[in-house]
Amino acid sequence: MANTPFVEAKTHYERFGVNVEEAFQKLSTIPISVHCWQGDDITGFEVTKRELSGGIDVTGNYPGKARNGEELRADLDKALSLIPGTHRVNLHAIYAETDGEEVDRDAIEPKHFKRWVDWAKEKGIGLDFNPTVFAHPKAEDGLTLSHPDPEIRTFWINHCKASRKIAAYFGEELGTPSLVNIWVPDGYKDTPSDRLTPRKRLKESLDEIFSEEYDESLVLDAVESKLFGIGSEAYVVGSHEFYLSYAQQNNKLCLLDSGHFHPTETISNKLSSLLLFNEKVALHVSRPVRWDSDHVVTFDDELKEIAHEIIRADAHERVNIGLDFFDASINRVAAWTIGTRNTVKALLYALLEPTNHLKELQEQGNFTERLALLEEFKTYPFGAIWDEYCQRQQVPVKESWLNDIKEYEENIQSKRV
Ligand SMILES: C[C@H](O)[C@H](O)[C@@H](O)C(=O)CO
Ligand SMILES: [Mn+2]
């Protein structure tokens with residue numbers, strides 16, 4: 001009897017001592033934190049709708065975006081049913097459900113996220129969280145935690161404190177720590193005359209936010225840097241050096257967003273350094289096209305390299321992998337599905353690398369064989385292994401998930417008018 005494509009493909013990897021079954025097992029334990037904001041273009045459910053700000057932008061107007069919690073959760077359910085493995089969902093504060101009551105950001109409470117928690121419990125997944133420090137009248141001039149006005153700073157400090165409290169509630173209810181990631185847009189369009197003072201204020205605001213201690217089993221704090229945004233081209237207060245130092249000194253997670261650096265600078269190349277000096281690191285995997293454009297993550301070189309670096313360092317339990325892209329020009333559930341499947345796919349790809357052998361070649365100075373093998377592995381029969389993984393995880397194989405999306409769009413999303 002002829003071998004199946006999977007059995008045949010497996011033999012190629014086994015020749016280099018790769019254990020495909022072990023790779024499957026390990027992969028099934030790695031959660032990706034799927035960002036809820038792809039589902040509605042970062043609109044959120046606040047009673048007073050505000051325009052997106054903070055130097056980020058969503059383009060496109062594909063019909064059928066989720067308009068409330070029920071729809072967003074249904075869309076996430078659909079996407080998660082098409083992605084192999086058990087993952088997490090990452091919320092922003094603007095996804096509070098207040099039943100029509102106007103609740104400002106500094107006053108949000110755990111009760112406003114009860115529906116999310118009930119849903120997550122039912123699904124057996126964890127929730128992560130982000131304070132929403134943009135798209136608000138108090139962020140109008142692009143300054144928040146570093147604002148010269150103490151009243152504005154206090155407002156955002158209180159919002160971040162409220163966010164950590166909500167994350168602690170997630171941690172308690174769901175039995176898995178919630179990652180709270182602080183990203184603020186603060187910066188200047190043009191050359192500043194004083195770079196130090198705003199950074200000093202941001203540092204003080206963070207100290208105040210973190211003055212309340214939470215157990216690591218409930219809350220993990222992360223800080224996300226950025227090089228520039230629209231309107232903060234010349235200077236961003238929370239730069240990489242700022243947060244890297246802050247995280248190290250204060251035992252926080254440094255969060256690297258792949259769109260937040262110079263276009264030729266990669267986060268894959270930073271991981272090994274961060275892992276040497278930090279117990280944990282957090283990621284926003286995105287795809288910057290010429291700028292921090294937050295395109296849907298594809299199976300490209302940088303995604304593969306990020307996955308390689310995590311797996312080569314045996315750091316899959318030390319790196320919190322989150323996604324951060326938003327595309328409103330295509331079906332939003334498909335966007336989640338494509339980006340998350342690709343991230344899982346890249347991890348499997350990395351798990352199939354005969355890492356020890358390649359490391360030995362490097363140590364021996366055998367760069368010819370290192371390059372030759374790295375190149376040859378690129379055309380190994382990876383597809384058959386990926387298909388088998390999807391099948392075993394009971395999700396659609398190859399592009400057959402597109403049928404589910406088409407059906408969902410026709411029966412559910414297209415009716416949202
Ligand atoms: C909506 C997100 O929190 C936001 O994109 C942030 O993480 C970021 O990357 C800003 O550029
Ligand atoms: Mn980000």
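Let me start with Asp292, which sits in the loop between strand E9 (281-285) and helix H9 (301-312), where helices (H or I, at least four residues) and strands (E, at least two) are DSSP runs, numbered from the N terminus. What we are looking at is a predicted model, in which local features need pLDDT of at least 70 and side-chain atom pairs count only at pLDDT 80 or more, while totals for chains, interfaces and linings use all residues. Residues are numbered from 1 along each chain as its sequence is written, and chains are lettered from A and ligands numbered from 1 in the order in which they are written.

Asp292 is buried, with 24 other C-beta atoms within 10 Å; buried here requires 20 or more such atoms within 10 Å of the residue's own, with C-beta atoms placed from the backbone. Leaving out residues up to four places away in sequence, Asp292 touches Gly229, Gly259 and His260, a contact being two C-beta atoms, placed from the backbone, within 7 Å.

His260, in turn, belongs to the loop between strand E8 (253-257) and helix H8 (268-277), and His260 is also buried, with 25 C-beta neighbours inside 10 Å.

In an unreviewed entry, UniProt lists His260, Asp292 and Asp294 for "binding site", although such annotations may be inferred rather than shown by experiment. These residues span 35 residues in sequence, yet no two of their C-alpha atoms are more than 9.9 Å apart, so they gather at one spot.

Finally, Asp292 is also among the residues surrounding ligand 1, which include Trp37, Glu224, Lys226 and His284, each with its C-beta atom, placed from the backbone, within 6 Å of the molecule.

Conventions. Buried ≥ 20, exposed ≤ 12 C-beta atoms within 10 Å, placed from the backbone.
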